[in-house]
Amino acid sequence: LYGLEPVSPEEIEEFVLQAYVLHEEAIAAGVRLAAPGTFATVRYEDLLVDAPAQVRRLYSKLELGNFEEAEPHLNKYLASVAGHKRNRFKLSEEQRSRVEEAWGKFIAQKGYSWNEQYLSMVG
């Protein structure tokens, strides 16, 4: 809605594609510098399957303390978002190709692939 100059949808798309690459490169650099035991990952899909188990694992790996104290708060939050529906994205084949070109290596490194359940191809 607001801007100092006009920006085309193509320019916005290119910015988003490049910004994610910069984001992933910055995270990778930070991980390389992180002290052992100060970094852990969790996949979103694993959180969907069993969030308490994943958070418990993170508490243990990062030595965050007693998970049992946090678990009731986590469960309360999970109950509050139980009806959440994941986004569905509409991409053209051309857009999908650009995403693959720009982000493909990151997608593969994380063990992801295109989940057709959450993706609707257009024109």
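**H1 against H4.** I began with this pair of helices in the predicted model. The axes of H1 (residues 9-33) and H4 (residues 93-109) come within 9 Å and cross at roughly 10°. Angles under 35 degrees count as roughly parallel, so I put H1 and H4 down as roughly parallel to each other.

Next I looked up who meets whom. From H1 I noted Glu13, Val16, Leu17, Tyr20, Val21 and Glu24. Facing them in H4 I found Gln95, Arg98, Val99, Ala102, Trp103 and Phe106. Sorted by class, this contact has 8 nonpolar, 1 polar and 3 charged residues.

**The largest pocket.** I then turned to the largest pocket, which holds about 890 Å³ of space. It is lined by 24 residues, and I wrote down the ones closest to its centre: Phe89, Val99, Trp103, Ile107 and Trp114. Which elements give two or more residues to the lining? I listed H1, H2, strand E1 (89-92) and H4. By class, I have 15 nonpolar, 5 polar and 4 charged residues for the lining.

**Glutamine 54.** My last stop was in helix H2 (residues 44-61), where glutamine 54 lies. Is glutamine 54 buried or exposed? Its relative accessible area is 16%, and buried means under 20%, so I marked glutamine 54 as buried. Leaving aside residues up to four places away in sequence, I saw that glutamine 54 touches Val42, Asp46 and Leu47.

How values were computed: Residues numbered from 1 in each chain as written. Predicted model: local features only at pLDDT ≥ 70, side-chain atom pairs only at ≥ 80, totals over all residues. Heavy atoms only, no water. Helix = DSSP H or I, 4+ residues; strand = E, 2+ residues; numbered from the N terminus. Buried < 20%, exposed > 50% of the residue type's maximum accessible area, 1.4 Å probe, protein only. Contact = heavy atoms within 4.5 Å. Axes fitted to C-alpha atoms, helices over the stretch in contact; angles between N-to-C directions. Parallel < 35°, antiparallel > 145°, perpendicular 65-115°, else oblique. Nonpolar A, V, L, I, M, F, W, Y, C, P; charged D, E, K, R; others polar. 1 Å grid on protein atoms, 1.4 Å probe; cavity = no way out; pocket = protein on both sides within 12 Å on 5 of 7 lines; lining within 4 Å. Points joined across faces, edges and corners; volume = space filled by probe spheres on them.
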